[in-house]
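Biologist: Please take me through this model one question at a time, and give the cut-offs behind each term when it first comes up.

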Amino acid sequence: MRKTINLKKGLNLSLNGGLSSTETAATVIPSAVAVIPDDFPGFMPKLDVAEGDTVRAGQPLMHDKGDTDICLVSPISGTVEHIVRGPRRKIERVTVKTSDSHDEHIKHTVATDADGMRRLLKKAGLWAMMRQRPYDIVPDGDSSPRDIFVTAMDTAPLALDMEERISGMHSELEAGVKALSLMTNGHIYIGVRKESELPEINGAEMVEFNPLHPAGNAGVQAANIAPVNKGETIWTLDAVTLAMIGSLMLRGTTDFHVRTALTGSELIEPKVVKTVPGACLADLLAGDIADDGHNHRVISGNVLTGTPEGIDGFLRYPYRQVTVIPEGDDADEFMGWASMRPGKMSTSPSFPGYFLKRRFSPDARLQGGRRAMIMSEVYDKYIPMDILPEYLIKAILAKDIDQMEALGIYEVAPEDFALAEYADPSKIELQHVVRDGLDYLRKEV
């Protein structure tokens with residue numbers, strides 16, 4: 001019998017621009033894809049290719065300086081078009097121009113032992129798609145996790161249900177669990193929606209959660225099943241990555257194609273397309289953005305954790321969603337953020353929109369001014385973990401390592417604070433604060 005955990009903290013944002021159908025509208029082969037090292041915290045890139053090189057899907061583009069087996073690979077076949085560097089020659093992205101033979105894949109020999117499986121996942125680019133707690137980074141190449149947590153639910157605003165993404169992939173999921181079980185002596189937990197129809201997966205323990213965001217975060221699930229303590233390591237990933245691992249085990253190749261949701265109030269018709277990570281957003285959104293005379297914020301991901309990319313940007317990892325909302329820079333609103341109009345979305349009962357059961361179309365404006373942290377316990381309402389988030393944030397800002405450890409920093413990731421950042425009356429960039437705190441702790445400890 002599945003264990004059920006009912007989380008009481010969190011919030012599901014009611015937004016316009018959701019999917020009316022979960023059927024895949026089309027397969028979009030982008031003209032170019034980009035692999036961006038910054039999307040993989042803890043990965044120190046060193047190039048394996050040069051501009052003009054021909055690559056196949058699954059071929060390494062760069063490897064980690066600390067562990068040369070850990071690679072970031074091309075999701076599609078083509079030609080390396082640009083290697084973009086920033087200050088101090090930092091590699092910002094590698095762009096691959098898609099070729100006509102875009103489906104040529106690197107073939108791997110499937111391993112049957114733990115060491116061989118580690119090398120296989122590293123070389124195939126799938127190791128970098130997992131995350132390690134503490135620090136929310138690409139797992140250390142030699143780490144052995146106490147447990148592994150897989151989330152099979154996506155509760156982010158306007159997201160496509162995770163079970164829709166993995167429909168018909170039961171054999172791949174079981175093969176993925178079998179592969180990961182070689183690298184841990186502990187449990188593999190799979191978090192699913194309450195009353196989920198996902199069948200039991202051999203080798204894994206299924207745990208049900210009520211779909212109240214951020215219950216879909218693997219770290220939130222881990223914190224409510226078996227929290228990570230100092231000196232322990234756990235791995236987290238989503239069910240789509242698990243299915244990719246299983247596909248590699250069954251076929252010897254990695255299928256990077258994923259179902260991606262195009263959402264947001266500024267789209268003519270939100271829909272689901274099939275494409276690859278790193279796809280050019282101009283190709284994904286061609287002809288889909290409403291011509292309403294307003295400026296638009298094109299987000300790779302969801303409105304809480306996504307990255308503003310613009311129409312010339314790329315689909316960043318780990319997102320399988322694009323959201324387009326009004327920029328708001330051309331808004332002319334009486335009283336500004338303090339306007340009491342019913343169409344304004346707010347978590348405060350001071351605004352009429354709090355009481356209205358309707359969908360909202362918010363823009364990208366900050367809607368308030370930054371100020372010192374107000375100790376109002378507002379963060380507690382949106383973080384369903386056994387921590388004191390306000391005190392943890394203050395400890396991070398003070399760089400007090402002892403307090404950070406005592407207050408539970410080993411359990412958290414930036415995405416766990418995204419909802420609290422939205423509701424924060426002080427407009428503090430909590431996700432950036434947590435990321436900086438995790439990087440500082442990893443450097444100092």
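Biologist: Which residues lie nearest the centre of the second largest pocket?

Modeller: On a 1 Å grid over the protein atoms alone, a pocket is an open set of points with protein on both sides within 12 Å along at least five of seven lines, a cavity is a set where a 1.4 Å probe fits but cannot get out, and lining residues have an atom within 4 Å of a point. The second largest pocket holds about 390 Å³, a volume being the space filled by probe spheres set on grid points that are joined across faces, edges and corners. Its lining comprises 19 residues, and those nearest the centre are Ala-156, Pro-157, Leu-158, Ala-159 and Arg-193.

Biologist: At what pLDDT do side-chain atom pairs count?

Modeller: Residues are numbered from 1 along each chain as its sequence is written, and side-chain values use heavy atoms, with hydrogens and water left out. This is a predicted model, in which totals for chains, interfaces and linings use all residues, local features need pLDDT of at least 70, and side-chain atom pairs count only at pLDDT 80 or more.

Biologist: How many charged residues are in the lining of the second largest pocket?

Modeller: Ala, Val, Leu, Ile, Met, Phe, Trp, Tyr, Cys and Pro count as nonpolar, Asp, Glu, Lys and Arg as charged, and the others, Gly among them, as polar. Under that scheme the lining of this pocket has 10 nonpolar and five polar residues, and its charged residues number four.

Biologist: Which elements give two or more residues to the lining of the largest cavity?

Modeller: The structure holds five cavities of 30 Å³ or more, and the largest has a volume of about 200 Å³. Of the 17 residues that line the largest cavity, Val-35, Phe-40, Val-73, Pro-277 and Tyr-317 are the closest to its centre, while the lining as a whole has 13 nonpolar, two polar and two charged residues. With helices (H or I, at least four residues) and strands (E, at least two) taken as DSSP runs numbered from the N terminus, the elements that give two or more residues to this lining are β3 (32-35) and β7 (71-73).

Biologist: How many charged residues does the lining of the second largest cavity have?

Modeller: About 40 Å³ of space lies in the second largest cavity, whose lining residues include Leu-15, Asn-16, Leu-158, Ile-325 and Phe-360. Divided by class, this lining has five nonpolar and four polar residues, and the number of charged residues is none.

Biologist: Which elements are included in what covers the buried residues of α10?

Modeller: Helix α10 (residues 430-444) reaches 21 Å from its first C-alpha to its last, close to the 21 Å expected at 1.5 Å a residue for its 15 residues, where the expected span is 1.5 Å times one less than the number of residues. With buried meaning under 20% relative accessible area, exposed over 50%, and partly exposed in between (1.4 Å probe, protein chains only), the buried residues of α10 include Leu-430, Val-434, Leu-438 and Leu-441. What covers the buried residues of α10 includes α7 (389-398), α8 (401-406) and α9 (418-423).

Biologist: Is Asp-436 buried or exposed?

Modeller: Asp-436 lies in helix α10, and its C-alpha is 19 Å from that of Tyr-379, a residue 57 places away in sequence. The relative accessibility of Asp-436 is 52%, so it counts as exposed.

Biologist: What omega does the cis peptide bond between Arg-133 and Pro-134 have?

Modeller: Most residues other than glycine have a negative phi, and most peptide bonds are trans. The loop between β10 (131-133) and β11 (147-151) holds Pro-134, and also Tyr-135, whose phi is positive and near 85°. The cis bond that joins Arg-133 and Pro-134 has an omega of about 10°.

Biologist: What is the radius of gyration of the protein chain?

Modeller: The chain comes to 10 helices and 19 strands. Taken over C-alpha atoms, the radius of gyration is set against the globule rule of 2.2 Å times the number of residues to the power 0.38. That rule gives 22 Å for 445 residues, and the chain is as compact as a globular protein of that length because its own radius of gyration is close to this, at 21 Å.

Definitions and conventions
Contact means heavy atoms within 4.5 Å.
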